[in-house]
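Hi everyone, thanks for coming.

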Amino acid sequence: MSKIDKKDNDKVKDLGRFREDSAREYITTNQGLRINDDQNSLKAGERGPSLLEDFLLREKITHFDHERIPERIVHARGTAAHGYFQVYKSMAPLTKAKFLQDPSVKTPVFVRFSTVVGSRGSSDLARDVRGFAVKFYTEDGNYDLVGNNIPVFFIQDAVKFPDLVHAVKPEPHNEMPQAASAHDTFWDFISLMPESMHMIMWVMSDRAIPRSFRMMEGFGVHTFRFVNDKGKSRFVKFHWKPLLGIHSVVWDEAQKISGKDPDFHRRDLWEAIENGDYPEWEFGVQIVEEEDEHKFDFDLLDATKIIPEELVPVKRIGKLTLNRNPDNFFAETEQVSFNPGHVVPGIDITNDPLLQGRLFSYTDTQLIRLGGPNSHEIPINRPVAPVHNTQRDGHMRQTINAGRVSYEPNSLGGGCPMQAKENVGGFVSYAEKIDGQKARARSDKFFDHFSQAALFWNSQSDPEKNHLVQALRFELGKVEVAEIRARMVAMLAQVDGTLAGRVAKGLGLEVNQKLQTPLNMSVPADGNVKEFQPKPLKKNVGNSPALSMANTVKDTVKTRKVAILGADGFDDAAVTAMKKALTGAGAQPKLVAPRLGFLKSSKGAEVKVDFSLLTASSVMFDAVYIPGGEKSVKALQEQVEAVEFVQEAFKHCKTIAANGAGLEFIRACRLANGAADGKAKDSAVEEGIILSRDDQAGKIASEFIKAIAQHRHWSREKKLHSPA
Ligand code: HDD
């Protein structure tokens with residue numbers, strides 16, 4: 001067992017010390033007193049009043065009354081998993097971070113995914129940024145990479161964060177809408193914040209409605225520093241690349257999932273791990289030499305900009321695997337606290353003004369959320385590295401610090417704990433030379449707000465562009481104040497004329513290019529008050545294929561959910577063959593039927609139903625298969641939910657397959673294609689629709705699987721005359 005394998009185990013054991021196992025145990029009070037009756041409070045007589053002396057009742061009710069803690073001000077809705085990280089080869093030339101040195105070492109991690117805007121109980125499928133926060137329990141202490149699934153942010157300076165969050169959260173007078181940016185205050189703010197325009201492109205794209213946490217990228221967002229053991233520093237941007245590719249649902253689907261299964265993402269992650277389909281991401285870095293700091297058209301310290309992968313490639317240096325679900329949501333997922341200031345030797349921060357503000361905010365917020373200065377002692381937050389310092393006491397202190405000495409320097413404690421020199425792992429901040437005048441200002445390059453927004457737009461495929469336009473029409477369509485809508489269209493015109501025109505058309509507006517001057521104007525570093533409207537530089541504006549999900553990995557159906565629609569009398573051989581093929585490829589076939597229980601197949605076999613049409617919906621699946629069996633097909637045709645199931649899968653551009661008598665059912669669904677006219681051929685009639693008259697499912701299985709791996713078949717949107 002390697003050193004960290006052992007530590008990994010120790011960490012689990014360590015948490016295990018706190019884990020309750022109540023099997024075969026008596027119920028007790030919090031003092032360990034065994035309780036004889038947990039059904040009745042203590043009363044003065046069988047029909048008498050309860051007695052104040054009932055300490056059992058009081059202890060239980062008091063604890064219950066205090067079960068809730070404040071939810072996170074942002075990122076309240078989340079879910080998490082344990083796992084480990086392994087580097088592919090030593091990164092010693094770039095960084096001395098211990099967890100990036102030895103490929104045999106498995107560093108334990110805890111990863112929490114979240115939405116930003118909604119409350120703890122809101123839907124997973126809100127259009128929103130997703131948090132991607134990773135806590136590495138390293139030998140050198142905890143390292144937290146507190147990132148998002150979008151590589152840029154709305155604002156450049158932390159001082160605007162409270163304004164951004166106030167604007168996007170439910171409006172204060174009526175607490176509406178929940179978990180949605182589609183309302184006036186958000187777009188009012190955005191329409192006056194040109195710096196948010198790049199981020200707006202990302203959140204209005206399908207990136208903001210992922211198919212799964214397991215199928216989204218992660219980004220550290222800010223530029224950080226790698227520092228090696230010679231003290232040489234380089235700039236670094238962090239990336240997480242999902243091995244299953246980057247995939248999203250469509251907006252209509254997202255809204256329906258929010259009703260059918262608001263825990264969709266949470267369930268997806270949980271089930272994948274329970275099934276042993278461990279989610280994996282490769283860790284990528286973009287490295288920029290110190291001397292190249294100023295060679296870009298944008299400022300590396302500006303969190304509203306990316307470094308296009310075509311300018312600086314992403315080098316994949318290791319892998320993250322999530323392999324264990326938490327035991328208790330509150331103890332782990334809710335109580336975990338991340339902090340961008342939790343760094344280790346070899347990784348350092350930069351002067352990005354957004355990051356600088358975050359360094360204050362995270363410690364501060366835990367004081368109220370977790371109730372005091374000792375949240376690092378909660379099991380999920382405890383480092384595997386030993387903790388020794390002179391901090392003492394406070395609410396809910398767990399550590400029993402022995403001895404008289406709680407100060408440094410001291411002689412009574414033999415000088416301990418003592419400062420650690422760099423060569424024994426002491427953290428030394430990178431000695432960056434700072435020479436400047438105090439100013440409330442930003443560097444000139446921060447003021448190009450539109451070039452990278454245009455880069456993103458230019459890099460999208462046609463279906464992605466359609467979805468983005470439709471998202472903006474939806475969001476701005478929900479805005480009540482007409483001036484805000486018009487202001488946003490003018491802002492979009494700075495990014496791209498076609499984009500603005502298309503959005504404006506949907507809103508019944510003309511594009512007015514003239515931007516209104518916002519009330520607040522920032523002063524750049526040179527002291528000159530710039531025009532509010534910077535001329536878009538457009539220097540780097542070309543195309544970045546890495547920004548389009550159309551170019552992602554599409555070679556696997558691993559973990560994809562496939563509905564097999566059937567009723568009594570379904571073709572046994574066809575379903576058996578299809579299930580075998582799908583399972584063999586790593587997908588998850590599920591039998592969906594008009595009712596729960598068991599179906600009788602054509603051969604008379606009893607087959608367990610996984611979902612009834614009442615509890616399942618096509619939005620919970622990636623693809624649908626309709627097997628033959630005349631009796632089954634007839635029964636399905638009479639069931640409106642079954643017909644809707646396939647129609648909806650069609651609308652959402654999912655793969656649909658049918659064979660034998662199953663073709664009759666497809667006809668009955670009247671899909672907007674050749675399959676509906678009763679002339680289904682033996683070959684696919686349209687992208688992602690796989691039909692065969694042959695009863696044998698084996699003949700279409702491989703084609704079906706290949707089509708599912710494509711994720712969606714956007715060409716169908718043209719037929720429907722609207723994005724799905
Ligand atoms: Fe933040 C939580 C990510 C800017 C203040 N943030 C939080 C979480 C993530 C991020 C993933 C949830 C962590 C968890 O799962 O517990 N935040 C980001 C990213 C940002 C960012 C990628 C920009 C690049 N955040 C940001 C700023 C501030 C904050 C500028 C304040 C100045 N963020 C917080 C917070 C939260 C938080 C209020 C809420 C709960 C918490 O920290 O623990 O402190």
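How many residues surround the ligand, and which are the closest? There are 22 residues around it, and the closest are R72, R112, R358, Y362 and Q366; a residue counts as near a molecule if one of its heavy atoms lies within 4 Å of it.

A quick word on ground rules. This is a predicted model, where local features need pLDDT of at least 70 and side-chain atom pairs count only at pLDDT 80 or more, while totals for chains, interfaces and linings use all residues. Residues are numbered from 1 along each chain as its sequence is written, and side-chain values use heavy atoms, with hydrogens and water left out.

Back to the ligand. R72 places a polar side-chain atom 2.8 Å from a ligand oxygen, and Q366 has a side-chain N or O atom 2.7 Å from an oxygen atom of the ligand. A polar contact here is a pair of N or O atoms within 3.5 Å.

Which element gives the most to this shell? That is α9, with six residues. The elements that each supply at least two residues are β3 (130-138), β4 (141-148) and α9 (353-369); helices (H or I, at least four residues) and strands (E, at least two) are DSSP runs, numbered from the N terminus.

Now to the largest nonpolar core, which has 55 residues. By nonpolar core I mean a set of buried Ala, Val, Leu, Ile, Met, Phe, Trp, Tyr and Cys residues joined through side-chain atoms within 4.5 Å. Buried means under 20% relative accessible area, with a 1.4 Å probe and protein chains only. F154, W187, M197, I200 and L499 touch the most other members. Several helices supply at least two residues each, including α3 (161-168), α4 (184-191) and α13 (497-507), and the largest share, seven residues, comes from α12. Apart from this core lies another, of 34 residues, among them L100, F226, L320 and I347.

Last stop: L582, in helix α14 (residues 572-584). Is L582 buried or exposed? L582 is buried, because its relative accessible area is 0%. Leaving aside neighbours within four places in sequence, L582 is in contact (heavy atoms within 4.5 Å) with V562, A587, P589, F704, I705 and I708. As for R560, 22 residues away along the chain, its C-alpha atom is 9.2 Å from that of L582.

Technical notes:
Buried < 20%, exposed > 50% of the residue type's maximum accessible area, 1.4 Å probe, protein only. Polar contact = N/O pair within 3.5 Å; in protein donor to acceptor, adjacent residues only side chain to side chain.
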